[in-house]
Amino acid sequence: MNRKIPLIGFVSTILATISLVIACFVRFRPDGEIPDCAYFVLGFWVIAPPVWFLFEYFYWPPNGTGEVDKIKHLHDLARNIWVALVVILAAIMGVKWPITP
């Protein structure tokens, strides 16, 4: 497995923690408004992980069947954490989904 993956996992964890802190500050604003930065943070987490998975797939392909299984397992775990993070961020920030009339 590529040696950069643990570093990227660490950086992702730090960014996720910072995003959760930002979400909490947004949630408990006195005026109750959701600032644009909240939508940026949420949008980043919706778009960045799939883009990263594509980048990793094309530029750091696995080197054998054992490594393919490790990468698949790592991506499954990352996907589950990613989806949970997006849902938690949206819930904390009180983001309302668009409702059509």
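Where does H2 bend, and which proline follows within four residues? The bend falls at Ala48 and amounts to about 25°. The proline is Pro49. The model described here is predicted.

**Helix H2**

H2 covers residues 36-59, a run of 24 residues. From first C-alpha to last, the helix reaches 33 Å. That is close to the 34 Å expected at 1.5 Å a residue.

Six positions need naming for the buried side of H2. They are Ala38, Val41, Leu42, Trp45, Pro49 and Glu56.

**Ser19 in H1**

Ser19 belongs to helix H1. Its relative accessible area is 8%, so Ser19 is buried. Beyond its neighbours within four places in sequence, Ser19 is in contact with Val41, Trp45 and Leu89.

**A nonpolar surface patch**

Part of the surface is nonpolar. The patch is formed by Leu7, Phe10, Val11, Ile14, Leu15, Ile18, Phe40 and Phe44. Together these residues have about 770 Å² of accessible area. H1 and H2 are the elements that give two or more residues to the patch. H1 supplies the largest share, 6 residues.

Leu15 is one of the patch residues, and it lies in H1.

**The salt bridge**

How many salt bridges does a search of the whole structure find? The search finds 1. The side chains of Arg79 and Asp76 form it, at 3.3 Å from N to O. Both residues sit in helix H3, 3 residues apart, so about one helical turn separates them. Side chains of opposite charge can pair when their charged atoms come close. Arg79 is partly exposed, and Asp76 is partly exposed too.

The table gathers the relative accessibility values quoted for single residues.

| Residue | Relative accessibility | Class |
|---|---|---|
| Ser19 | 8% | buried |
| Asp76 | 37% | partly exposed |
| Arg79 | 38% | partly exposed |

Definitions and conventions: Residues are numbered from 1 along each chain as its sequence is written. This is a predicted model: local features need pLDDT of at least 70, side-chain atom pairs count only at pLDDT 80 or more; totals for chains, interfaces and linings use all residues. Side-chain values use heavy atoms; hydrogens and water are left out. The expected span of a helix is 1.5 Å times one less than its number of residues. The bend at a residue is the angle between axes fitted to the seven residues ending there and the seven starting there. Buried means under 20% relative accessible area, exposed over 50%, partly exposed in between (1.4 Å probe, protein chains only). Patches are made of residues with over 30% relative accessible area and no salt bridge: like charges are joined within 9 Å, nonpolar side chains (Val, Leu, Ile, Met, Phe, Trp, Tyr) within 5 Å. Accessible areas come from the Shrake-Rupley method with a 1.4 Å probe; for residues, only the protein chains shown count as cover. A salt bridge is a side-chain nitrogen of Lys or Arg within 4 Å of a carboxyl oxygen of Asp or Glu. Contact means heavy atoms within 4.5 Å.
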